[in-house]
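Notebook open, structure loaded. I want to write down what I look up as I go, one stop at a time.

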Amino acid sequence: MTDLFDPIRIGDIAAANRIAMAPLTRNRADANRTPTALMATYYAQRASAGLIIAEATQISHEGQGYFGTPGIYNEQQIDGWRRVTAAVHADGGKIVLQLWHVGRVSHVSLQPNEHSPVSSTARRANCKTFTAKGFEDTSAPRALRLDEMPRLVTTYAHAARNAIDAGFDGVEVHCANGYLLEQFLRDSINDRTDSYGGSQAHRTRLPVEVMTAIVGEIGSGRTGIRVSPVTPANDAGQDSDAQGLFNTFIEQLAPLRLAFIHVIEGATGGARDIAPFDYGALRGRYRNGNERGAWIVNNGYTREMAVEAVATGAADMVAFGRPFIANPDLVERLRHEEPLAAFKPETLYGGGAEGYTDYPALQPASAEGANAGRTALMDY
Ligand code: 8OZ
């Protein structure tokens with residue numbers, strides 16, 4: 001029986017265990033959207049995860065939707081990320097970068113020359129984003145023109161190349177949570193009448209082109225994707241046929257032999273049973289002949305659920321998000337069935353070391369301060 005703490009090969013990446021750190025937006029990049037030394041410390045503290053999936057990182061200035069999120073589109077940012085990957089690798093960890101374009105989930109104040117954000121549609125997302133002034137309604141987007149699509153695909157591939165130059169072990173493409181690629185996938189958002197809208201095959205076109213371009217640039221063994229077939233996040237209405245759409249999408253991705261697919265089951269950070277969906281049907285379509293590909297599951301997993309998912313073969317790896325915030329040594333805590341510390345919600349987004357790098361690892365029972373971090377238990 002496979003154990004949660006057994007090593008695993010994820011495409012070209014050798015991971016020490018089957019616990020991934022899910023990508024977590026923490027808004028602590030500097031004014032140039034560059035990763036800081038503090039971010040290197042934060043990720044290195046969590047290097048015992050089998051795989052760290054670093055926070056969502058915009059592939060271009062246009063791809064930004066929140067204040068303080070990092071980019072991977074210029075030399076300074078690549079250098080900043082290099083510090084992060086070096087620190088994680090020095091502590092024996094593996095780290096991939098999540099490549100992000102928010103599409104319409106943005107605000108003009110975050111866009112180059114205060115232009116409108118771009119999307120599949122000109123309809124606004126009915127949700128808030130976080131700007132220099134705090135929470136604000138998203139701005140009305142502009143629908144991308146057909147002639148702009150090739151450059152967008154190339155921008156993703158360049159970002160993937162930059163991530164490899166920065167020392168990452170690979171990339172995860174953010175195709176979830178109502179951001180740009182989902183704005184193309186779902187018929188609840190995509191109202192185009194050209195070859196990127198309408199039928200399922202048209203709506204999957206952009207994400208498939210993006211994945212193909214990235215695999216062409218850095219190789220399949222270092223390329224994964226995150227999807228969230230039924231999440232309502234960021235005003236993503238349910239697709240009229242989510243199962244059919246994602247069955248088709250994963251079938252189209254299968255020949256690429258991606259290193260991993262990372263699935264958010266249910267509502268991101270919320271109810272796992274928000275809508276009926278057969279995730280196993282996706283896995284079967286992905287697995288088809290792809291021996292080295294890992295199936296990573298996420299969303300509200302307890303230790304018990306994770307152990308069972310890996311033992312039964314329902315998943316190859318389990319990603320934990322919020323539990324990693326206040327438990328840098330989450331793997332050890334899960335291994336020894338130790339209690340988990342709760343994070344401080346007020347320090348989640350933005351700020352400095354407080355609520356970021358100051359959560360302690362559990363001390364050995366004999367050491368002074370043995371109960372540090374044990375006082376507040378959380379229900380993960
Ligand atoms: C929380 C706050 C801002 C962005 C996602 C990248 O939901 C995010 C995100 C999460 O995927």
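I started at N298 and asked what it touches. Skipping neighbours within four places in sequence, N298 is in contact with A22, R226, H262, V263, I264, E265, R272, A319, F320 and G321; contact here means heavy atoms within 4.5 Å. A note on provenance: this is a predicted model, where local features need pLDDT of at least 70 and side-chain atom pairs count only at pLDDT 80 or more, while totals for chains, interfaces and linings use all residues. Residues are numbered from 1 along each chain as its sequence is written, and side-chain values use heavy atoms, with hydrogens and water left out.

Where does N298 sit? N298 is in strand 13 (residues 294–298); strands (E, at least two residues) and helices (H or I, at least four) are DSSP runs, numbered from the N terminus. The side chain of N298 reaches the backbone oxygen of A319 at 2.9 Å. I count that as a polar contact, meaning N or O atoms within 3.5 Å; within protein one must be able to donate a hydrogen and the other to accept it, and residues adjacent in sequence count only if both atoms are side-chain atoms.

Next I followed A319 into strand 14. N298 stands opposite A319 in strand 14, and 3 bridges join strands 13 and 14, which run parallel. Pairing needs at least two DSSP bridges between two strands. On the other pairing I checked, strand 3 (residues 19–21) also runs parallel to strand 14 over 3 bridges, with A20 opposite A319. Both faces of strand 14 are covered: M317 and A319 are buried on one side, V318 and F320 on the other.

Then I zoomed out to the barrel. In it, 8 strands close up in the order 3-4-5-10-11-12-13-14, with parallel pairing. Neighbouring strands of this sheet are turned by 25° against each other on average, direction ignored; the axes are lines fitted to C-alpha atoms, for helices over the stretch in contact, and angles run from 0 to 180 degrees between N-to-C directions. I also looked at strand 10 (residues 170–175), which pairs with strand 11 (residues 223–227) over 5 bridges in the parallel sense. V173 has I225 as its bridge partner there.

Ligand next. Which residues surround it? I found T25, A56, Y66, W100, H174, N177, Y179 and Y349, each with a heavy atom within 4 Å. An oxygen atom of the ligand is 2.7 Å from a side-chain N or O atom of H174, and an oxygen atom of the ligand is 2.8 Å from one in the side chain of N177. Taken alone the ligand exposes 300 Å², and the protein buries 77% of that (Shrake-Rupley areas, 1.4 Å probe; for residues, only the protein chains shown count as cover).

Last stop, helix 8 (residues 279–287). Its buried residues are Y279, A281, L282, R283 and Y286, and they pack against helix 7 (242–253), strand 12 (260–264) and strand 13. I noted D278 as the N-terminal cap, with a side-chain oxygen 3.1 Å from the backbone nitrogen of G280. After helix 8 comes G289, with a positive phi near 85°.

Conventions. Buried < 20%, exposed > 50% of the residue type's maximum accessible area, 1.4 Å probe, protein only.
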